[in-house]
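Student: I would like a careful look at one part of this model, taking a single side chain and its surroundings as the starting point.

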Amino acid sequence: MSFGEPEGYDRDARPRPLGRRGASQAAAAAVCLVLGLGLISGAVTGSWLVGGSGDEGSPSTFAAAGSLWHSVPVDQLFPPTVQGRGAGPGGADRTWTRIAVAPDSGCKDAFDPLLRKALAPVGCERLLRATYTDATESHVTTVGLLFTTADAPGMTALANRFRKERLDRRSDLMPLPYAAEGTPAAGFGAPQRASWTVSVLTEAPVVVYAVSGWADGRTVDDPQPAGDAVEADATTAVAQAGLGNEAQGLADRVERDFRRNVRSASEQPS
């Protein structure tokens with residue numbers, strides 16, 4: 001008997017019994033099923049650790065994520081120093097230093113009216129913000145974690161709307177920066193916003209955003225979304241200065257750290 005022959009026939013095309021291979025085939029199928037389930041489980045876990053999207057987390061994970069604003073130290077949510085290997089233009093490395101942390105608060109006066117309206121369906125439980133500067137103190141970037149009151153379907157609905165309507169690309173929906181006196185971000189206000197990114201998570205009741213600008217307080221007449229500014233052929237002043245990379249790179253790494261914190265919290269015994 002050869003494993004290359006048609007199932008159920010010998011080499012002369014005469015019917016032959018099938019029972020002799022049934023046990024081995026069943027065993028092989030069982031092994032494949034176990035391996036497949038393991039790979040799927042690993043992929044779901046990995047998506048949380050590396051920032052993948054598309055699948056909603058379990059109810060326990062979602063709930064754990066929503067409580068992190070009061071259970072995780074600020075240094076874990078917004079580390080004092082963030083390394084951005086390959087995050088700059090052309091794959092250059094970046095290092096960001098935290099220069100200010102806003103008191104945790106609600107969302108009143110924290111967003112421009114149109115962005116506040118766009119986010120209203122998911123509510124506001126808490127808003128955490130921190131501002132960073134790059135190693136040369138040429139740029140400043142505010143990164144925020146908006147903890148919402150929405151359930152998983154609500155977050156998915158908002159994420160779908162942002163994606164379909166490209167709300168994250170609209171300059172009238174830019175987040176506001178957080179300025180702090182006595183820091184390089186003292187003059188970082190609404191007119192100084194240069195590039196931004198907004199990410200609506202579906203595995204957690206959280207919206208992650210970042211907005212960047214020059215540290216010298218110069219105003220920006222034509223801000224550019226980070227997704228456009230990081231393109232290799234982007235030629236705007238914002239893109240050439242790497243401000244899209246500042247916003248996107250810092251937001252990505254804060255989001256990645258947040259996912260690790262969620263993973264750790266969901267694994268703790270209740």
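Student: What is the relative accessible area of R98?

Tutor: This is a predicted model, in which local features need pLDDT of at least 70 and side-chain atom pairs count only at pLDDT 80 or more, while totals for chains, interfaces and linings use all residues. Residues are numbered from 1 along each chain as its sequence is written, and side-chain values use heavy atoms, with hydrogens and water left out.

R98 has a relative accessible area of 24% and is therefore partly exposed, a class that lies between buried (under 20% relative accessible area) and exposed (over 50%), using a 1.4 Å probe and protein chains only. The side chain of R98 meets that of D75 in a salt bridge at 2.8 Å, N to O, the term meaning a side-chain nitrogen of Lys or Arg within 4 Å of a carboxyl oxygen of Asp or Glu. This pair links distant parts of the chain, 23 residues apart, with R98 in strand β2 (residues 94-101) and D75 in helix α4 (residues 74-77); here helices (H or I, at least four residues) and strands (E, at least two) are DSSP runs numbered from the N terminus. D75, at 41% relative accessibility, also counts as partly exposed.

The salt bridge of R98 and D75 is one of 11 in the structure.
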